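Biologist: I'm new to this one. Can you put it up and walk me through it?

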Amino acid sequence: MNPFTLLLLAAGNPFAAWLAKLHETFLVNDRYKMMIEGFGNTIVITLGALAIGLVIGTIVAVIKYLAEDSRSLRPAAAICDVYLTVFRGVPMVVQLLIFFYVVFAHAKNGIPVAIIAFGINSGAYMAELIRSGINAVDAGQMEAGRSLGMSRLQTMRVIILPQAIRYILPAIFNELIALLKETSIAGYVAVVDLTRAANLIRNNTYDAVNTLFLVALIYLGMVVLLEQILKKLERRLRKGDKR
Amino acid sequence: MINVKNLQKSFGGIEVLKGINTEIDKGDVICVIGPSGSGKSTFLRCLNMLERPTGGQIIFEGDDLTDKKIDLDLHRQKMGMVFQQFNLFPHMTVMKNLTVAPMMLKKVPEEQAKAKALELLGKVGLADRADAYPNQLSGGQKQRVAIVRALCMEPDVMLFDEPTSALDPEMVGEVLDVMKKLAADGMTMVVVTHEMGFAREVSNRILFLDEGVILEEGTPDEIFGHPKNERLQSFLAKVL
């Protein structure tokens, strides 16, 4: 402890006492490095799961949309329905534990497992979002594409999906925010994410107040940041409509 | 060019087309008229299989489009279609609307596709709107762009589904003028329309549809000058 802090402590300054506590909790033994590592892992898991979720969600949504008038796709659509029911019906923690201890029972590193588990789960929510976006696009758009000679998939990719994304961008951001917060359970499978890092430090230092409030603030900060980005995006999209 | 044999279509048990037979030859400009609900639009949409017929055949350039094994997409490239609601792609500029299909489906190089699009835009008086988005255009302009979009695929036949019905009255003329020019250039056209003046002036044959059948067909002179069928007579009395 530096002499300045000691001096303040001697004067009985509560603010200085708090600073000293922070120093003790986060700086001694470089414990803050664990927080940084946890923060990085939280970001990696969230973004990885988002990517997987978007891909799976798009595929499932397109299959379900096309199956509405294609017999050959009905079995695939039925499988999609089972997927949606199962992954939206089982608690995320349970899914995560099953992935870590059953599906990838020999996994040494929990991070890829967490990315896959959160991604597959998020895909189930994304699928319904994206499908609602596809359905919001005027049916005449598909007919126009088909009348030019495009296949259903080509029309979907070039005409329908780009328009659908604009309708559902806010909903996708909300899903991203939910996903970010949900990754806080990754600690269940030995991943040191942000929450787990804070909890480990709490365990070592018996400082529950500063560790838990700091981690809460960091999540809150990230969510507020995402909300700001969404607002900007929405403003830009609205400008696009006036084109 | 298109041979329609005993075409039938029902929607959930309701028979909309009850056996249509007709032939469309190269260079024909055929107008389909009739009261609303008579099946005109359904007939037209069956021609390029946007509606799948429940019976009968559509023979297009020798191939039966109702055959399940046929590559419909390939045949649709040769059948342009213009919709009542335009159905332009709102997220693309006019230029992109016109070039996306030729570039993707016929592998036309971008420069060539753009040149062709600009040339056709010029013909409909919209060369200066290539970079606009559909929302920035008037209804008449949108429909002219939609016609050009179909033409950019160099189709053998153009299908028009009430192309002026969604337009403000003052914009109907500009679209009809484009269609007249197209007819004069020898394009084969099938037009579902309520524009009797256009039908009379431009078409070489008119089909009068009512309750899912062709009640009468003939030249404009026959249809408008000497209508034989009673229902056609009363329809014309109402619309003229």
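Modeller: Start with the largest pocket: H7(A) gives the most to its lining, four residues. A pocket here is an open set of points on a 1 Å grid over the protein atoms alone, where a 1.4 Å probe fits, with protein on both sides within 12 Å along at least five of seven lines; lining residues have an atom within 4 Å of a point. This is a predicted model, where local features need pLDDT of at least 70, side-chain atom pairs count only at pLDDT 80 or more, and totals for chains, interfaces and linings use all residues. Residues are numbered from 1 along each chain as written, chains are lettered from A in written order, and side-chain values use heavy atoms, without hydrogens and water.

Biologist: What volume does the largest pocket have?

Modeller: About 850 Å³. Volume is the space filled by probe spheres set on the points, which are joined across faces, edges and corners.

Biologist: Which residues lie nearest its centre?

Modeller: A:Asp69, A:Arg146, A:Arg152, B:Leu50 and B:Arg52, out of 23 lining residues. Helix H3 (32-67) and H7 of chain A, with helix H2 (72-76) of chain B, each give two or more. Helices are DSSP runs of H or I, at least four residues, and strands are runs of E, at least two, numbered from the N terminus.

Biologist: How does that lining divide by class?

Modeller: Nine nonpolar, one polar and 13 charged. Ala, Val, Leu, Ile, Met, Phe, Trp, Tyr, Cys and Pro count as nonpolar, Asp, Glu, Lys and Arg as charged, and the others, Gly among them, as polar.

Biologist: Now the interface. How many salt bridges between chain A and chain B?

Modeller: Two. In a salt bridge, a side-chain nitrogen of Lys or Arg is within 4 Å of a carboxyl oxygen of Asp or Glu. B:Asp73 and A:Arg146 form one, at 3.0 Å, N to O. A:Arg146 also lies among the residues nearest the pocket centre.

Biologist: How many residues are in contact?

Modeller: 21 of chain A with 25 of chain B. Contact means heavy atoms within 4.5 Å.

Biologist: And cavities, how many of 30 Å³ or more?

Modeller: One. A cavity is a set of points where the probe fits but cannot get out.

Biologist: What lines it?

Modeller: Residues of both chains, including A:Ser147, A:Leu148, B:Arg76 and B:Met153. Strand S6 (residues 79-82) of chain B gives the largest share, three residues. By class, six are nonpolar, three polar and one charged.
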